[in-house]
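Subject: Structure handover

Hello,

Here is the structure you are taking over. My notes on what was found follow below it.

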Amino acid sequence: MIVAVDWAGVAQQVVSGLSSGGIYALLAVALVLIYRATGVVNFAQGELAMFSTFVAWTLTQHGLAYWPAFVVTVLAAFAGGIVLERAVIRPVEQASVLTVAIVTIGLFFVVNGAAFWIWSPEVKSMPNAFSTRPIRIAGVAFSISDLGIIGVSLLAVLLLWLFFRFTKLGLAMRAAALNPDSSRLTGIRVSWTIALGWGLATALGAVAGLLAAPPLGSFDQNFMQPILLYAFAGAVLGGIDSALGAVIGSLALGVFLNLLGTYVSWVGTDLRQAAALAVILVVLLVKPAGLLGTAAVRRV
Amino acid sequence: MPLLELRSVAARYGALEALHGIDLSVDEGEIVAVLGANGAGKTTTLRAISATVRTSGELVFAGRPLPRRPEAVARAGIAHVPEGRGTFAELSVDENLRLGAHVRRDRAVVKADYDRVLQRFPILAERRGQAAGTLSGGEQQQVALARALMQRPRLLLLDEPSLGLAPTLVTEFFAVVGELNEHEGLSVLVVEQNASIALASSNRAYVLEVGRVAVAGTSADLQRHPAVRRSYLGY
């Protein structure tokens with residue numbers, strides 16, 4: 001039983017949970033982006049983020065500081081996502097959702113294997129993105145790193161939202177996802193909007209990986225796999241076809257898992273993934289559309 | 001020289017051939033109607049033009065072979081209001097109209113066209129921020145037409161615009177199309193089940209029967225044609 005509530009501790013854990021949740025949100029939005037454009041969950045999303053992170057790690061080994069490496073990697077990931085879609089997904093564009101899903105599962109293993117082949121299996125560590133000192137707000141010490149991660153994740157999602165909401169290309173991409181046939185009739189090159197979606201999703205994943213790696217201390221080629229699971233749980237919780245839902249779901253999940261791990265002693269860190277799976281299961285059983293998703297899947 | 005010319009165009013869905021080689025043309029500034037029963041190949045004719053169905057034969061638009069990808073057909077200057085209107089139900093009226101101008105680069109003129117279109121359809125100006133799917137059938141038909149006009153097409157393809165509309169709205173719709181044709185020189189190819197309004201609002205017409213052109217002529221002649229009267233006009 002908790003007798004006296006340590007509110008400062010709770011606040012710290014909430015912020016720390018939001019920071020994890022921000023990373024899940026980036027990857028969850030990437031999943032939603034591709035799901036809306038093609039009706040498929042991209043199982044390779046996490047591995048692509050891992051690959052991008054290793055590219056950035058290599059850049060830092062060659063003397064680049066964290067943030068320049070970050071910018072270069074995110075741009076490269078955007079281009080890489082487009083190339084990958086053209087090379088691997090385009091050939092199965094007309095195929096069934098199942099076929100495309102299996103291709104992304106294949107991609108998962110290929111990217112993972114390639115990363116082990118290119119980079120040795122020993123663990124790596126990434127320079128810090130933010131100051132490791134704490135900052136005191138209202139007498140409570142918060143981690144600058146946590147606050148920085150929350151800020152960058154939300155900024156990335158906000159930029160993406162502005163792009164979709166206010167640019168001509170963003171509108172065309174939304175239209176192409178909603179109604180590809182009508183979009184073609186208005187002259188939209190639907191096939192290219194899907195490639196662009198892959199580019200944006202891969203770039204978003206790179207941001208997630210690059211924010212997630214430094215606080216881990218050390219990471220290897222499998223470090224994004226639990227994060228993909230959390231992102232998937234966040235997206236399912238929010239509604240797999242709603243970007244806003246995915247953000248809210250991921251942030252809520254981050255906080256929930258962190259509080260659960262801290263205050264329910266037998267969960268600790270070992271059962272976090274099991275808890276995320278339980279969230280997926282409960283949502284799918286109780287409210288399959290999630291918090292903000294649309295109830296029926298219209299795609300046939 | 002006709003604006004659009006189809007020479008022995010056939011179209012197929014998989015193994016099923018739905019059009020068996022038709023000849024059809026639309027001159028600049030003309031309204032041409034395509035009539036026929038269900039399954040005669042009316043919709044397929046439009047889909048053949050916009051390359052949303054596999055075709056063979058020759059399609060020439062403005063003196064050039066018509067491209068065989070839908071987005072390229074749109075870019076060549078053909079706007080297609082398909083069966084079911086092709087409205088983006090989840091997007092706002094404003095977004096639907098802006099999508100219509102997707103292929104255009106002349107921003108300033110697009111802005112002017114946008115204002116003009118809203119002047120022509122004042123109800124859409126009122127509903128600008130509303131999701132198009134929440135509008136009434138007649139209003140959605142206006143969105144579809146307005147969106148097509150935003151493309152500034154040289155040729156407008158209309159698939160059964162009367163479907164699901166009250167008779168007064170049908171008359172109103174064809175009046176707007178006639179006006180666009182008269183004042184802005186818009187060429188139109190319209191597919192219709194409602195033969196009387198289609199013949200009354202067009203210069204020429206084709207009657208399709210099981211994927212072939214059965215009768216063709218001026219709309220005035222077809223209105224007097226005994227077989228057409230019996231089968232399609234009902235008197």
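In strand 8 of chain B, B:Val191 is the bridge partner of B:Val34. On another strand, B:Asp159 stands opposite B:Val191 of strand 8 of chain B.

Before the rest, the ground rules. This is a predicted model, in which local features need pLDDT of at least 70 and side-chain atom pairs count only at pLDDT 80 or more, while totals for chains, interfaces and linings use all residues. Residues are numbered from 1 along each chain as its sequence is written, and chains are lettered from A and ligands numbered from 1 in the order in which they are written. Helices (DSSP runs of H or I, at least four residues) and strands (DSSP runs of E, at least two) are numbered from the N terminus.

Strand 8 of chain B

Two strands pair if DSSP finds at least two bridges between them. Strand 3 (residues 31-36) of chain B pairs with strand 8 of chain B in the parallel sense over 5 bridges. Strand 7 (residues 155-159) of chain B also pairs with strand 8 of chain B in the parallel sense, over 5 bridges.

Is strand 8 of chain B enclosed or exposed? Of its 6 residues (187-192), 6 are buried, so strand 8 of chain B is largely enclosed by the rest of the structure. Buried here means that 20 or more other C-beta atoms lie within 10 Å of the residue's own, with 12 or fewer counting as exposed and anything in between as partly exposed; C-beta atoms are placed from the backbone. In a regular strand the side chains alternate between the two faces of the sheet. In strand 8 of chain B both faces are covered: B:Ser187, B:Leu189 and B:Val191 are buried on one side, and B:Val188, B:Val190 and B:Glu192 on the other.

The antiparallel sheet of chain B

Chain B has an open sheet of 4 strands in the order 2-1-4-5, with antiparallel pairing. Its edge strands, strand 2 (16-26) and strand 5 (64-65) of chain B, each pair on one side only. Strand 1 (residues 4-13) and strand 4 (residues 54-61) of chain B run antiparallel and are joined by 7 bridges; B:Leu4 stands opposite B:Phe61 in strand 4 of chain B.

Helices of chain A

Axes are lines fitted to C-alpha atoms, for helices over the stretch in contact, and angles run from 0 to 180 degrees between N-to-C directions. Helix 1 (residues 7-38) and helix 2 (residues 45-61) of chain A have axes that come within 10 Å and cross at roughly 125°. That makes helix 1 of chain A oblique to helix 2 of chain A. For these words, under 35 degrees is roughly parallel, over 145 roughly antiparallel, 65 to 115 roughly perpendicular and the rest oblique.

Helix 1 of chain A also packs with helix 9 (residues 225-238) of chain A at about 70°, with the axes 8 Å apart. These two helices of chain A are therefore roughly perpendicular to each other.

The two chains

Residues are in contact if their C-beta atoms, placed from the backbone, lie within 7 Å. By that rule, 18 residues of chain B are in contact with 12 residues of chain A. On the chain B side, helix 2 (70-76) and helix 3 (93-100) each supply at least two residues.

Regards

Terms used
Contact = placed C-beta atoms within 7 Å.
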